[in-house]
Amino acid sequence: QLQAFGGGLAQAGGSLRLSCTASGFTFDDYAIGWFRQRPGKEREFVAAVRWNGRSTYYADSVKGRFTISRDNTKNTVYLRMNTLKPEDTAVHYCAARIGTYSDYVHDYKYWGQGTLVTVSS
């Protein structure tokens with residue numbers, strides 16, 4: 001089970017930090033990804049981190065602005081979002097897959113419930 005939280009309202013140029021807490025599986029066997037879904041759009045990849053936190057991967061749209069990290073002692077992954085833009089407005093989901101990371105939605109086994117990020121201009 002995954003639970004994502006930390007979403008909310010931010011102004012353009014502002015920051016938010018999302019958290020994703022896992023339970024019910026061996027967390028440090030899994031890569032964790034963040035995805036987002038904007039209204040009327042398909043779910044898209046944002047960022048991912050390998051099981052040990054040493055490798056990360058970002059969508060071009062967030063590279064340089066977002067940072068993904070994990071703390072395996074707390075079964076938690078974070079997504080620090082800086083320099084937010086109105087186009088970042090979306091429901092953000094965390095997901096887990098065993099092994100290495102992927103930017104493909106259907107590679108992930110477990111999904112959190114989503115947390116809404118709204119960025120005003």
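Rings of Phe, Tyr and Trp (its six-membered ring) pair if their centres lie within 6.5 Å; planes under 30 degrees apart count as stacked, over 60 as edge-to-face and the rest as tilted. In this predicted model, local features need pLDDT of at least 70 and side-chain atom pairs pLDDT 80 or more, while totals for chains, interfaces and linings use all residues. Residues are numbered from 1 along each chain as its sequence is written, and side-chain values use heavy atoms, with hydrogens and water left out.

Across the whole structure, a search finds ten aromatic pairs. Tyr 57 and Tyr 101 form a stacked pair, because their ring centres are 5.6 Å apart and their planes lie at 20°. This pair links distant parts of the chain, 44 residues apart: Tyr 57 belongs to strand β6 (residues 56–58), and Tyr 101 to the loop between β9 (90–98) and β10 (110–111). Strands here are DSSP runs (E, at least two residues), numbered from the N terminus.

Ring pairs also join Tyr 57 and Tyr 101 into a cluster with Phe 35, Phe 45, Tyr 93, Tyr 108 and Trp 111. The charged end of Arg 43 sits over the ring of Tyr 93, 3.7 Å from its centre, and over that of Trp 111, 4.9 Å from its centre. Such a placement requires CZ of Arg or NZ of Lys within 6 Å of the ring centre and within 35 degrees of the ring normal.

Elsewhere, four strands make up an open antiparallel sheet in the order β1-β3-β8-β7, where pairing requires at least two DSSP bridges between two strands. Its edge strands, β1 (2–5) and β7 (66–71), each pair on one side only. Six bridges connect β7 with the antiparallel strand β8 (residues 76–81), and Asp 71 stands opposite Thr 76 in β8.
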